[in-house]
Amino acid sequence: MESTVTHRAPIDERKAFSAIDIGTTKIVALTGYRNERGEIEVLGCGSVTSNGVTRGNVVNIELVVQSIKTAVEKAHAEAGFFCKKVIVGVAGQHIRSAHNRNAVNRDKPSQAITQKEIDNLKAENRHVNLDIDEEIIDVIPQSYLINSQHVTNTPVGMAAHRVEGNYHVVIGKTEALKNIRTAITRIGLELQSFMLEPLASAKSVTTPEERELGCAVIDIGGGTTDIAIYHDNTVKFTEVIPFGGNVITYDIQEAFKMLFNEAETMKITHAHCIQDAAPNDIITIPGVNGRAPREYTMKTLAGITQCRMEEIIDAASYVIETSGYKNHLGAGIIVTGGGSELKDLPQLLSFKMRNETKIGKPLHAVRYPHQPRTFNSPKYATAVGLLMRAAEVHNYSASEPIAAPEQEIITATKETVEEKTKSVMKSFGIKGFLKGIIGNKNYDEEYAKQDTRILVE
Ligand SMILES: Nc1ncnc2c1ncn2[C@@H]1O[C@H](COP(=O)(O)OP(=O)(O)OP(=O)(O)O)[C@@H](O)[C@H]1O
Ligand SMILES: [Mg+2]
């Protein structure tokens, strides 16, 4: 990797902010600050193999603590420090969303609405119905009703006799969140807030124009496929599908009877996801312990890859269809996450979804003078989006004026995330599908195993 800048003036640590993406295959710790041009500059990046995470959920705290610690140490070594307060990404099956409204009649209608009033309105809105084992992760303003008119930007500065806020509330299971909190506090960090991972990815790879025209961001990670749909510059829909690129590796492992790491290398090096477009070149797999090498064609490999990638695309298509925004995606599909690097994926997606597709890379969302090309990889979309949120929160706590985070304003969700995910699973019968691939083995057990496997970076 190219490395350019090594000298910079020391940064005042109070100006810095940090974020951690706890992914199924990798954990990324970032620390950064806003430079004199107003850009977010990454000072330190630590990316390590993730252990103890299954489909986006922390399942082994000890292993996760070790992985986060190593990532943080790397970022610390590069930056010279790592901020204690961190924004952490959250995804997984335990998340659901709800809608809520809150209104206030103002004593002095002729006076401009202040940020404090908007903050209070949002804070009071936290009283939503929760199950005993649930808690609120995030409250995202969708729109405001000011003098009977809907506004999607911040109403600060407007005059009104009544302000009504319309909120999207993200709710998670306390137990799952507790595991993340425990892991973060064990290494001496302080959790500032959680952020829903689909929103983080979308934040770093979309432009305001794309969000205005309408787009669906699909982040294909190792263990989950996250979806966020935008239109009119507001988030309309989010979803986390509980399978991602690792299932393809698992299929390759099963088909060619090889180790997971070998299958992973084979996928990254040779796999295409359109069989007709794959060359007929021979791939040789060395024999183990004196056994004869085996040979396969890249077309055979592509057949396996295409089959499973189509399954992921079908699930994503179904989610987009149920969102009701399928015909409002003027800027098409933006695919990101490590899984989006599979050869020919944009073509397959465009063909199957009948929509233009581009790969979303967070390269231009931040500056990283140490390794300028690092964020050209879509696998960093979530981490960069989290750092962007950390920058907003930091600005805010430093009392600097900030615009409302427009890409997080939501206007409609028909069902809860949990209900929708269940319906996707029901519709696509992933267990049945896996059973077909795995044969007569206990597919529940295999399915549980598959995403905890470790990749070689
Ligand atoms: N060049 C490549 N070609 C094909 N697949 C790739 C490539 N690079 C990475 N992947 C796949 O991307 C997936 C990992 O993506 P990513 O790093 O975004 O996941 P993650 O954030 O760790 O997991 P998750 O978001 O699901 O919790 C793995 O399945 C990996 O095999
Ligand atoms: Mg991820």
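**Figure 1. Overview of the protein chain in the predicted model.** Contacts between residues 24 or more positions apart make up 72% of the protein chain's contacts with a separation of 6 or more, two residues being in contact if their C-beta atoms, placed from the backbone, lie within 7 Å. The model is predicted, and local features need pLDDT of at least 70, side-chain atom pairs count only at pLDDT 80 or more, while totals for chains, interfaces and linings use all residues. Residues are numbered from 1 along each chain as its sequence is written, chains are lettered from A and ligands numbered from 1 in the order in which they are written. The protein chain has 13 helices and 18 strands, taken as DSSP runs (helices H or I, at least four residues; strands E, at least two) and numbered from the N terminus. Of its 457 residues, 47% are buried, that is, 20 or more other C-beta atoms, placed from the backbone, lie within 10 Å of their own.

**Figure 2. The open sheet of five strands.** The strands follow the order S3-S2-S1-S6-S11 with mixed pairing, where two strands pair if DSSP finds at least two bridges between them. Strand S3 (40-49) and strand S11 (190-196) are the edge strands, each pairing on one side only. Strand S2 (residues 26-34) pairs with S3 in the antiparallel sense over nine bridges, and Tyr33 stands opposite Glu41 in S3. Helix H1 (residues 61-79) packs on the sheet, where it touches strand S1 (16-22), S2 and S3, and its direction makes about 145 degrees with that of S3. Helix H4 (residues 197-205) also packs on the sheet, touching strand S6 (85-90) and S11, with a direction at about 80 degrees to that of S11; axes are lines fitted to C-alpha atoms, for helices over the stretch in contact, and angles run from 0 to 180 degrees between N-to-C directions.

**Figure 3. Helix H9 and its buried face.** Within H9 (residues 345-353), the residues Leu345, Leu348, Leu349 and Met353 are buried. Seen down the axis of H9, these buried residues fall within an arc of 110 degrees, so they line one face of the helix, the arc being that of the directions from the helix axis to the C-beta atoms. They pack against helix H8 (298-323), strand S17 (333-336) and strand S18 (357-359). Arg354, which follows H9, has a positive phi near 55 degrees.

Terms used. A residue is buried if 20 or more other C-beta atoms lie within 10 Å of its own, exposed if 12 or fewer, and partly exposed in between; C-beta atoms are placed from the backbone.
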